[in-house]
Amino acid sequence: MRIDVTELRRGIGREATYEFREAVQPVEMAGETVTFEPAQVTARLVNAGDSIGGYFEVSSGAHMLCSRCLKPVLVPIDMEFMVVYQQAPATPGKDDGLEHEVVLYTENRIDVSDDVRQHLVLELPMKPVCGPSCKGLCLRCGKDLNEGDCDCPKTDENPGMSVLKDLLKRE
Ligand SMILES: [Zn+2]
Ligand SMILES: [Zn+2]
């Protein structure tokens, strides 16, 4: 979504709110492709003089895999964030002292789509789960333990630990 801020820039304190829904490009994360539900965005832009403040409310959902049982999960994402937009200088300076949060725009048009996507990506959980009680897969045979127990020997330890124990016993 590209927003024309010509009107907004006519006076300090002017503001405008935009509501829209837009597709979000997938992202590659740890070898997994995460796709998003279309994002519902409310963007309030405020002319703050030398910059434009963008206040965002975004709702979407990320299609990921449960980190325990590898089943697809839809992780809901509802978030708010703020971005400061500044008009790009006509002649780019060497060091303009701008903070990283500041996004430059040109020709009175602010493209908010990248900011929405970047913040959605930041919001993704490192280890999504299909549910708090997900039992995951058996580390020995790979069976989904949510569907029932497997025939592997009952132990609370993972195989790596018992191998280690065997080694210690031998000494
Ligand atoms: Zn799971
Ligand atoms: Zn098993």
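This is a predicted model: local features need pLDDT of at least 70, side-chain atom pairs count only at pLDDT 80 or more; totals for chains, interfaces and linings use all residues.

Q: Okay, how many helices and strands does the protein chain have?

A: The protein chain has two helices and nine strands.

Q: What share of the residues is buried?

A: Of the 171 residues in the protein chain, 14% are buried.

Q: What about contacts between residues 24 or more positions apart?

A: Among contacts in the protein chain with a separation of 6 or more, those between residues 24 or more positions apart account for 56%.

Q: Let's move to the strands. How do β3 and β4 run, parallel or antiparallel?

A: Strand β3, which covers residues 27–29, runs antiparallel to strand β4, residues 32–36, and three bridges join them. M29 has E32 in β4 as its bridge partner.

Q: What sits between β3 and β4?

A: The two strands form a hairpin with two residues between them, and A30 in that turn has a positive phi of about 50°.

Q: Which other strand does β4 pair with?

A: β4 also pairs with strand β6, residues 52–65, in the antiparallel sense and over two bridges. In this region T35 stands opposite H63 in β6.

Q: Changing topic, where is R109?

A: R109 lies in strand β9, which spans residues 109–111.

Q: Buried or exposed, and why?

A: R109 counts as exposed because it has 11 C-beta neighbours inside 10 Å, and a residue with 12 or fewer is classed that way.

Q: Which residues is R109 in contact with, if I skip the neighbours within four places in sequence?

A: With those left aside, R109 is in contact with R2, I3 and D4. R2 is 107 residues away from R109 in sequence, yet their C-alpha atoms are 6.2 Å apart in space.

Q: Now the largest nonpolar core: which residues touch the most other members?

A: That core has 18 residues, of which A39, V116 and L120 touch the most other members. The elements giving two or more residues to the core are β5 (39–47), β6, β7 (72–87) and α1 (113–123).

Q: What does A39 touch?

A: Not counting residues up to four places away in sequence, A39 touches R21, E22, V24, V58, S59, S60, V116 and L120.

Notes: Residues are numbered from 1 along each chain as its sequence is written. Chains are lettered from A and ligands numbered from 1 in the order in which they are written. Helices (H or I, at least four residues) and strands (E, at least two) are DSSP runs, numbered from the N terminus. A residue is buried if 20 or more other C-beta atoms lie within 10 Å of its own, exposed if 12 or fewer, and partly exposed in between; C-beta atoms are placed from the backbone. Two residues are in contact if their C-beta atoms, placed from the backbone, lie within 7 Å. Two strands pair if DSSP finds at least two bridges between them. A nonpolar core is a set of buried Ala, Val, Leu, Ile, Met, Phe, Trp, Tyr and Cys residues joined through C-beta atoms within 7 Å.
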